[in-house]
Amino acid sequence: TFAGLGHPVMIEHLKRLGVTSVELLPVQAFFDDRFLVAKGLRNHWGYNTMGFFAPEPRYGGQNPLYEMQTVVRALHAAGLEVILDVVYNHTGEGDAWGPTLGFRGLDNRSYYRLLQGGRYYANDAGTGNTLDLTQPAVLRMVMDSLRYWVEQVHIDGFRFDLATVLGREAYGFDRNGGFFDAIRQDPVLARVKLIAEPWDIGPGGYQLGAFPAPFSEWNDKFRDGVRRFWRQDAGMAPELSRRIMGSADKFDHDRRAATASVNFITSHDGFTLDDLVTYTVKRNLANGEDNRDGHDDNHADNMGVEGPSADPAIRAARALRKRNLLATLLLSQGTPML
């Protein structure tokens, strides 16, 4: 809950870690997917937004907005910034067989990218539909939503999920497209932190390093290169040197600083740090998707035994590997993300 995040014990834990910013997975109001409900499950992450101007009720008790404002004030008082992971690439209405919850019933052709004369939805986000930010009403909605969170909740920045969607014009991704122009000239939004997840599954979807300043970007080249180096894959020293030095091959243009590279070893996607040194393959059977979800290639190394081990030598090797990975993250040029 928001109140849990703002508890003094939690804030003290964050300060003891030495972090400067807290990034929250989506907290804008979202729905549980139909296939999850059918299995008796819930959307645990929040990447299924429908209420772009409201905090998720399940996190907020009797007054979610007040509780969210309160936790932001508490984090600010402790010297911590608050960054929101936001999902403006699709909505919770899903594909052509999904429910009509809002935008589909309001103006389907304007809000969504459609195919085959409007019968089907473009699926650049992999979730059934894709918002069309080339439409003025959609772009205005997104800008109004972003300003709302800054002005009413005092959010310090945003991480844009599948951000390539936001810059995809009719002819493809455009780093000078309408969304980027609008956000850079906005007097409210131009002064907050802007972080892109620079890929989606649409045409030309991988755009690492292509976003305009002042955007920073999640750097999966860093993630994979560092994982593979410490796994002792052959020939990885040159790749590691590029990543340690701020990934200039991707970001050294248009007066972008090395901090434009958001470096990470793990995120909410894929293995945790402990998984990375404990398993070689994923085991997501408990969520009922037959282990099909998520990446299969995690560049992981179980250090000789698959799964938990009581062997002191294995445990020591795993602990050392985790320290090596974190040290590389914290000592590299760029912005480290835990």
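The largest cavity in this predicted model holds about 60 Å³ of space. A cavity here is a set of points on a 1 Å grid over the protein atoms alone, where a 1.4 Å probe fits but cannot get out. Grid points are joined across faces, edges and corners, and a volume is the space filled by probe spheres set on the points. By this rule there is one cavity of 30 Å³ or more. Its lining, meaning residues with an atom within 4 Å of a point, consists of R227, W230, R231, L276, V277, H299, A300, D301, R321 and L325. Helix 8 and helix 12 each supply at least two residues of that lining. Helices (H or I, at least four residues) and strands (E, at least two) are DSSP runs, numbered from the N terminus.

A word on conventions. Residues are numbered from 1 along each chain as its sequence is written, and side-chain values use heavy atoms, with hydrogens and water left out. Because this is a predicted model, local features need pLDDT of at least 70 and side-chain atom pairs count only at pLDDT 80 or more, while totals for chains, interfaces and linings use all residues.

I turn to the open space. The second largest pocket contains about 1,300 Å³. A pocket is an open set of points with protein on both sides within 12 Å along at least five of seven lines. Of its 46 lining residues, S21, E23, P336, M337 and L338 are the closest to the centre. Among the elements that each give at least two residues to this lining are strand 1, strand 13 and helix 12 (312–331).

Three bridges join strand 12 (residues 261–264) to strand 13, and F264 has M337 as its bridge partner. Strand 7 (residues 157–160) pairs with strand 10 over four bridges, with L194 as the partner of F158.

F158 also belongs to the largest nonpolar core, which has 54 residues; L84, F158, F160 and F179 have the most contacts inside it. Such a core is a set of buried Ala, Val, Leu, Ile, Met, Phe, Trp, Tyr and Cys residues joined through side-chain atoms within 4.5 Å. Helix 6 (residues 136–153) gives the most to this core, with nine residues. A second, separate core of 10 residues includes V226, I265, L276 and L325.

Finally, M68, in helix 4 (residues 64–77). Is M68 buried or exposed? M68 counts as buried because its relative accessibility is 0%, buried being under 20% relative accessible area, exposed over 50% and partly exposed in between (1.4 Å probe, protein chains only). Beyond four places in sequence, M68 is in contact (heavy atoms within 4.5 Å) with F2, V27, P55, L84, W149, V153 and I155.

How values were computed
Two strands pair if DSSP finds at least two bridges between them.
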